[in-house]
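Trainee: I would like to learn how to read the features of a structural model. May we work through one together?

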Amino acid sequence: MPLLSMLLYAFVSSFTPGPNNIMAMLFANKYGFKKTFRFCLGVGAGFFVIIILSCYFNLVLKNFIPKIEFIMSIIGATYMMYLAIKIITSKNNDQDNDGGKNNSFFAGMLLQFVNPKGILYGITVIPTFIIPYHTEHLSLLFYSVLLAFIGFMGTFSWNVFGSIFKKFLSKYRNQFNVAMALLLIYSAISILFI
């Protein structure tokens, strides 16, 4: 199993801007660390549900359609390349949305079921990195917890850094985007050739 590539993909996907991270940062700026922590816990819980569902969905696909594994790897690598291009070409369009009533555990959890970045991550990371090497229930549970924890830490870090991280990204946005995109490209290439 290409563990380094999986971890790079997980960290890049979890720590780069997305609905979870932007909302955590905005909530932290407006309501503070403690009041935003429950939102981050909800994101982690919802992300765990998405990942575990992705595990079993992909396991069913693999068991019934064994030849789909290579195709799923190609789709996962293509999606990672697409993300890399989107990261490099993204503009600084973070908006200060007012979401005070949505700063809760439940809102964070529900966000995962309408978060295309999280869902696409779940349906690409599992068939690309986990299912080809691990199909036991305990292993799937372990990797689901690990990936959900990394996702939680990404959102949590945006909560911790709040306005500081926002200032950093606005100042060094291009360099940060290039570094994240290069890590994604490395991950995509490694899953195709390992």
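**Reading a helical model**

Mentor: Let us begin with a group of rings: Phe33, Phe37, Phe149, Phe152 and Phe156 form one aromatic cluster. Please bear in mind throughout that this is a predicted model.

Trainee: How many aromatic pairs does the structure hold?

Mentor: There are 12 aromatic pairs in the structure. One of them joins Phe37 and Phe156: the ring centres are 5.9 Å apart and the planes stand at 80 degrees, so the pair is edge-to-face. The cut-off behind that reading is that planes over 60 degrees apart count as edge-to-face.

Trainee: Which parts of the chain does this pair link?

Mentor: The pair links distant parts of the chain, with Phe37 in helix α3 (residues 33–64) and Phe156 in helix α7 (residues 137–193), 119 residues apart. Phe37 is partly exposed, because its relative accessible area is 29%, and that class lies between the limits of 20% and 50%.

Trainee: Turning to the overall fold, how many helices and strands has the chain?

Mentor: The chain has seven helices and zero strands, and from the N terminus its elements run α-α-α-α-α-α-α. Of its 194 residues, 47% count as buried.

Trainee: How should I check the length of a helix against its number of residues?

Mentor: One compares the end-to-end C-alpha distance with a span expected at 1.5 Å a residue. α6 has 15 residues and reaches 20 Å, close to the expected 21 Å.

Trainee: Which residues of α1, α2 and α6 are buried?

Mentor: In α1 they are Ser5, Met6, Leu8, Tyr9, Ala10, Val12, Ser13 and Ser14. In α2 they are Asn20, Asn21, Ile22, Ala24, Met25, Leu26, Phe27 and Ala28. For α6, the buried residues include Gly118, Tyr121, Gly122 and Thr124.

Trainee: Where does UniProt place the feature "transmembrane region"?

Mentor: The unreviewed UniProt entry places this feature at residues 6–27, 39–59, 65–85, 118–135, 141–164 and 176–193. Over residues 6–27 the chain is 86% helix and 0% strand, with end C-alpha atoms 29 Å apart. Over residues 39–59 the chain is 100% helix and 0% strand, and the corresponding distance is 30 Å.

Trainee: Which residues are the closest to the centre of the largest cavity?

Mentor: Of the 14 residues that line the largest cavity, the closest to its centre are Ser13, Ser14, Asn20, Phe47 and Lys117. The elements that give two or more residues to this lining are α1 (3–15), α2 (19–31), α3, α6 (116–130) and α7. By class, the lining has four nonpolar, nine polar and one charged residues.

Trainee: Is Phe47 buried or exposed?

Mentor: Phe47, in helix α3, is buried, because its relative accessible area is 6%, and the cut-off for burial is under 20%. The C-alpha atoms of Phe47 and Gly108 are separated by 9.3 Å, although these residues are 61 residues apart along the chain.

Trainee: What does a value closer to the cut-off look like?

Mentor: Consider Ile52, which lies in helix α3. At 18% relative accessibility, Ile52 counts as buried. Its C-alpha atom is separated by 9.3 Å from that of Ala148, 96 residues apart along the chain.

Trainee: And Ile75: is this residue buried or exposed?

Mentor: Ile75, found in helix α4 (residues 68–89), is exposed, because its relative accessible area is 52% and exposure begins over 50%. Ile75 and Thr124 are 49 residues apart in sequence and 7.6 Å apart in space, C-alpha to C-alpha.

Methods. Residues are numbered from 1 along each chain as its sequence is written. This is a predicted model: local features need pLDDT of at least 70, side-chain atom pairs count only at pLDDT 80 or more; totals for chains, interfaces and linings use all residues. Side-chain values use heavy atoms; hydrogens and water are left out. Rings of Phe, Tyr and Trp (its six-membered ring) pair if their centres lie within 6.5 Å; planes under 30 degrees apart count as stacked, over 60 as edge-to-face and the rest as tilted. Helices (H or I, at least four residues) and strands (E, at least two) are DSSP runs, numbered from the N terminus. Buried means under 20% relative accessible area, exposed over 50%, partly exposed in between (1.4 Å probe, protein chains only). UniProt positions are given in the numbering used here, feature names are shortened, and annotations may be inferred rather than shown by experiment. On a 1 Å grid over the protein atoms alone, a cavity is a set of points where a 1.4 Å probe fits but cannot get out, and a pocket is an open set with protein on both sides within 12 Å along at least five of seven lines; lining residues have an atom within 4 Å of a point. Ala, Val, Leu, Ile, Met, Phe, Trp, Tyr, Cys and Pro count as nonpolar, Asp, Glu, Lys and Arg as charged, and the others, Gly among them, as polar. The expected span of a helix is 1.5 Å times one less than its number of residues.
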